[in-house]
Amino acid sequence: MAGAAATGGSARSNTYASARNWLLLPSWAVLCIFVLAPVAMMLVYSFLTKEFRGGVIWEFTLAAYDQFFFDRGLFGDEPARIDWTYILIFWRSIWQAGLATLLALLIGFPTAYFIATRPARTRTVWVFLITIPYWVNLLIRTVSMKFLLRDQGPLNDFLLATGLIDDPIRIINTNAAVQIGLFYSYLPFMVLPIYASVERYNFALSEAAADLYASKWTTLRRIVIPSVRPGIIAGCILVFVPSLGAFLAPDLLGGAKNFMIGSLIEEQFKGNAGNWPFGAAASMILLTLVLVILMFLARQQARADREATP
Amino acid sequence: MHIFAKTAAAAVALTLGATSVSAEGKIVIYHWFEYIPQELLDKFTSETGIEVTMDTYDSNEAMLASLKAGGMGTYDVAVPGDYMVSIMIGEGMLDEIGDGELKNKGNIAPEWADPSFDPGWKHSIPYQWGSTSFMVDTAVYDGDIDTTDILFNPPAELSGKINMLDSQGEVLAMAALHLGIPQCSADREQLKALNDMLQNAKAHWASFNSDTAKEVLVSGDAAVGQIYDGFGAKARAERGSLKYAFPTQGYVAWMDNVVLLKDAPNRDSAIAFMDFLLMPENIAAVSNYARYGSGLSGVGEYLDPELATLPESNPPATAGPAVFIEVCDEATQAVYDQIWTNVKK
């Protein structure tokens, strides 16, 4: 997509070639101040010595990374073993985020497909409807979800009244509640990019496949999905990455019984621990993980593009 | 949890530029959420002409972190709890109040004349005091609730219906009382026992939540919840079957104090504000709103008469000692941090 736009604009961009670097300056400034500088600061802090009750001492040490990967017992004097505590916290968060992404994809893809196949006039209405709930702040929506899901909440009241269940279902303070919260929070980030892709899809291809006796399932699998793949990948990234660092749903809906990546890092800066270098190190490890996943997806995308245009 | 504090932190960032310039007739307060009535702040402004700006936080630790991360020089006063006052004195974050600077200092009640966390009130003034214990929904459980077993070794009816405060200090202090060990123990057997006891107790807990400690009890989501006494009184007003427990093993006492921050941009306003809060009728307005005790003498006539008989602030004869949270040294604290991580991993 990006390549096409660049070649289309090349004739005009020559006109501005000399001024281009200057025109890019604001974007570079924003990037440096709001992205590069904070990340660089985190990187430096993660290698500094922790100061008791928050803050850092300017002495180089690997203690923060050591704490992440090695366990020396409750009193810190046993021989070092691999510490699974933090690795498990990361794994739990990745698993939660992955599941939320899958759920969002399963619901989001058909929704996007449905919207894209409506008449052009009504499509905007559907997209509008998808976005309406997201005009409300995420915190408010998560708290509302808590009210809906609670033991004596409307959902359980309804199910009890219909006689479908005899005892309230315990949803709040479980992983299921976290899943519902994450899925609900980020669903539009899945629907909108897929919708954008499906809208551009040429449905004559599906007809051609049907003419050649492809079943509906085969058409979907071999024709539709490969064509809208960029939208699917974009949607998955947009849901997965924020879910990974989410703290509202795990805290409010999950009961905060177990650390997630987000709450673990928060605790280092704002909790009793006051261990800024460890918080910074955990952030850097998270950043590295996300980068690796994004690069993997980007390579997948590049390979798919190459296959599509021989 | 600390969502409200997050919003506050963002607000701080925005106001930093505006408040870094010292101006006559301004004060910037860093305060707990849902604690001081707005009418009292308005009264202060109308009496002194000093304009009030207030940001809020939801835990002592969050306040310390925010001040350390660049909040110093922004705020004039903050309202840390007892143990946090000693920590802040140790960190050199508090300014000294000179003799005679506070005209109304004589109003401090004799029993609070010389607190252990700030001997002689050199950096702070008393604000509100109370206790942290827990409430039980007596409609769910009608047995004896005045024992820490309710939290750490609960009867079957209450298992899985317990909300703990998401605060290391409050949980671990209560756990120490339950086991009858010091809060800053260096004894390995005691520490291991504490770690094991918490691992077992956690299986009975439904959630950790401080912001909605009251709300989960009122709604019935939790049948047991750790809570502050004043917050508990408000919860009982909304759900009559809730009862505040005074365990025979003891419970946590606390006192919040207004401190004068070092590098306060409006030091004179801060002193005026402290003097204002040392007037019985003014501090009584806070007590009437927040349902806590005040630490001044002569407050009685301004108090809501109901406060004197609140079950949440009148422990029965069987109640154990009320203990302040203690400040551990760095090596000991490291073990307690590890125990807390084990609880929440």
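Colleagues, I begin with a pair of helices: helix 5 of chain A passes helix 9 of chain A in a right-handed crossing (the near helix is turned clockwise from the far one by less than a right angle; helices are DSSP runs of H or I, at least four residues, numbered from the N terminus). The model is predicted, with pLDDT of at least 70 needed for local features and 80 or more for side-chain atom pairs, while totals for chains, interfaces and linings use all residues. Residues are numbered from 1 along each chain as its sequence is written, chains are lettered from A and ligands numbered from 1 in the order in which they are written.

Helix 9 covers residues 175–200 of chain A, and its axis lies 6 Å from that of helix 5 of chain A, at an angle of about 40° (axes are lines fitted to C-alpha atoms over the stretch in contact, with angles from 0 to 180 degrees between N-to-C directions).

Helix 9 of chain A has another partner, helix 7 (residues 138–149) of chain A: the axes come within 11 Å and cross at roughly 140°. Helix 7 and helix 9 of chain A are therefore also oblique to each other, and helix 7 passes helix 9 in a right-handed crossing. From helix 7, the contact takes Leu138(A), Thr142(A), Met145(A) and Leu149(A); from helix 9, Ala177(A), Ile180(A), Gly181(A), Tyr184(A) and Ser185(A) (contact: C-beta atoms, placed from the backbone, within 7 Å). By class, there are 6 nonpolar, 3 polar and no charged residues here.

Next, the two chains together. Which numbers of residues do they bring to the contact? Chain A gives 30 residues and chain B 34 residues. On the chain A side, helix 5 (84–116), helix 13 (248–253) and helix 14 (261–270) each supply at least two residues. That side divides into 12 nonpolar, 11 polar and 7 charged residues.

Finally, chain B. Its domain assignment, automatic or from a database, gives domain 1 (3–128 + 256–308) and domain 2 (130–253 + 315–344). Their centres, taken over C-alpha atoms, are 27 Å apart. In chain B, 13 residues of domain 1 are in contact with 12 residues of domain 2. The largest share of the domain 1 side, 4 residues, comes from helix 4 of chain B. This side has 6 nonpolar, 4 polar and 3 charged residues.

Definitions and conventions:
Contact = placed C-beta atoms within 7 Å. Nonpolar A, V, L, I, M, F, W, Y, C, P; charged D, E, K, R; others polar. Parallel < 35°, antiparallel > 145°, perpendicular 65-115°, else oblique.
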